[in-house]
Amino acid sequence: MRKIMSVAALLLAVPLLPAPAHAAQAATVVSPKRPLNVRAGSAVWTVPLRTLPHGSPVAIDCWVKGQLINQGSVRVTDQWDRLTDGSYVSDAWIRRSDAPIPACGAAAPVAPAAVAAAAAVTTTAGTVASGGTPLKARTAPAHTAPLIAALPNGTALTLVCQQQGENIAGTQRTTAMWNRLPEGTYVSDAYVRRAATPPPCTAVNQPVAAPAAPATGGEWTSPLPGFRARPGFRTANNPNHIGADIMSFTGTPIHAASAGTVTEVVCNIEAGHSCDQTGSPSIGGCGWYVKVQHSGGIATLYCHMVRKAIVQPGQKVKAGQVIGYVGSSGNSSAPHLHFEVHINAPPTGPQNAIDPIPFMRTHNASIG
Ligand SMILES: [Zn+2]
C-alpha cells in the first residue's frame, strides 16, 4: 500500500527580492546536449522561465537546497543556484570557481525595504466555493486549457499568485483573474473563497508564456476495470500514501490508463527481498512497477505486480492495453494495484502526485 522510492527531499525556494548586496559569482552553463532550464524554484517541476544554451554565462547570487539532480554534467547535487533575477538553475550543470557562494538564507545584509518585499512573497489560503460541481484546475487560465484535476467544493487551496485570463462569472465574483496553485495549474478566482487577494504573478513566479500544453485528453480508462479503488490518498493515518489502492486478485490484467510511453519497468524493494515473492507490510518498496508517461505532463504508476511487467521501457502503449498482472510484491498485504497519477511529469514524486480518484472521474474513467 505504501510506496518507498528514492525521492529527493526538497525545499521549494521562496524568492527573496531584490538581490542581496554582495557581488554575484560568474559561472558557465555546461549542458552540451540540450539547453538548461531556468526555473522559478529549486526543482524540475517548478515553472520553467527560459532556457540557457551550453556555454551561457550566468551570475549566481546564492544557493538553496532543492531537488537532487543526479544526471548533470558537472556534479551530483541538490544545490540550486539563484541567479541575479531571482530564478534558479540546478548546480549540477554549472561550472564555477571554488569561491564560496553564500546560502540564500544567509545572504548578505538586506535592506529593510527588501525584507518587506520578501515578506510579501507568501501564499494565500483559499477554499473551493463552487456550490457543488468540482472546480477545474487547468494548465492555463482559460476553460479551453487542458484539464488536470477537478477539486471538490470545500477543497482547501494554496494560492501562489494571480494571472489574468478568461473572464468567468462564478459564485464568488465575476472576474478574469485565475489563481495559480503550487503545482503550476490554474483555477478561476470566480469560484474561490479567500480572505486576501494573492499577489500578481511576477516574472519570477509566472511562466514567460502560457505553457504550450498538449491535451491531457485522449481516452482514459480504468487500469482495473470492474474493481473499485478505496479512498486513501494522503490520509491522516498515512500521509505519505500518494496513490489509490484497487483491491483485486493475483493475475488480474492491469491496463494502461491512457495512451503513452512506458518509461520505467522496475523492481522497487528493500534490499534483501525479491519482487518475485509475495511481499509484506514490513517490506519497503512498491514491488514490480511500471511507469507510463502520457501527453500533457501526466504520468501514471502501477505497483505491486505479481511479476515483471510484459511491456518494455520505451514501448508505446494504447489506452487499455494490458501492461502486467496484479500481485502483492513489495510493501503489500494483499493482491492489489497501487495506482498513482502525477502532473507536470517528469519527474514523479510526492510533490506532484494527485489523488487518482477525482482525476479519473474527471476523465470519464471512474475507479472509485
Ligand atoms: Zn497503495
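## The D189–R173 pair

D189 is buried, with a relative accessible area of 1%. In this predicted model, D189 forms a salt bridge with R173, and their closest N and O atoms lie 3.2 Å apart. The two residues come from distant parts of the chain, 16 residues apart: D189 sits in the loop between β14 (186-188) and β15 (192-194), and R173 in the loop between β12 (161-169) and β13 (174-180).

R173 has 25% relative accessibility and counts as partly exposed. Buried means under 20% relative accessible area, so D189, at 1%, falls on the buried side of the cut-off.

The relative accessible area of R75 is 25%, which makes R75 partly exposed. D91 is buried, at 0% relative accessibility. The pair belongs to a network of salt bridges that links R75, D91 and R96.

## The K291–E264 pair

K291 and E264 form a salt bridge in which the closest N and O atoms are 2.7 Å apart. K291 lies in strand β20 (residues 287-293) and E264 in strand β19 (residues 260-268), so this contact ties together parts of the chain that are 27 residues apart in sequence.

K291 is buried, with a relative accessible area of 10%. E264 is partly exposed, at 24% relative accessibility.

In soluble globular proteins, nonpolar side chains tend to be buried together. The largest nonpolar core here has 45 residues, and V290, Y302 and I323 touch the most other members of that core. At least three residues of this core come from each of domain 2 (124-194) and domain 3 (229-362).

A second, separate core holds 19 residues, including V29, L52, I60 and V89.

Terms used:
Residues numbered from 1 in each chain as written. Predicted model: local features only at pLDDT ≥ 70, side-chain atom pairs only at ≥ 80, totals over all residues. Heavy atoms only, no water. Buried < 20%, exposed > 50% of the residue type's maximum accessible area, 1.4 Å probe, protein only. Salt bridge = Lys/Arg side-chain N within 4 Å of Asp/Glu carboxyl O. Helix = DSSP H or I, 4+ residues; strand = E, 2+ residues; numbered from the N terminus. Core = buried A, V, L, I, M, F, W, Y, C linked by side-chain atoms within 4.5 Å. Domains from an automatic or database assignment.
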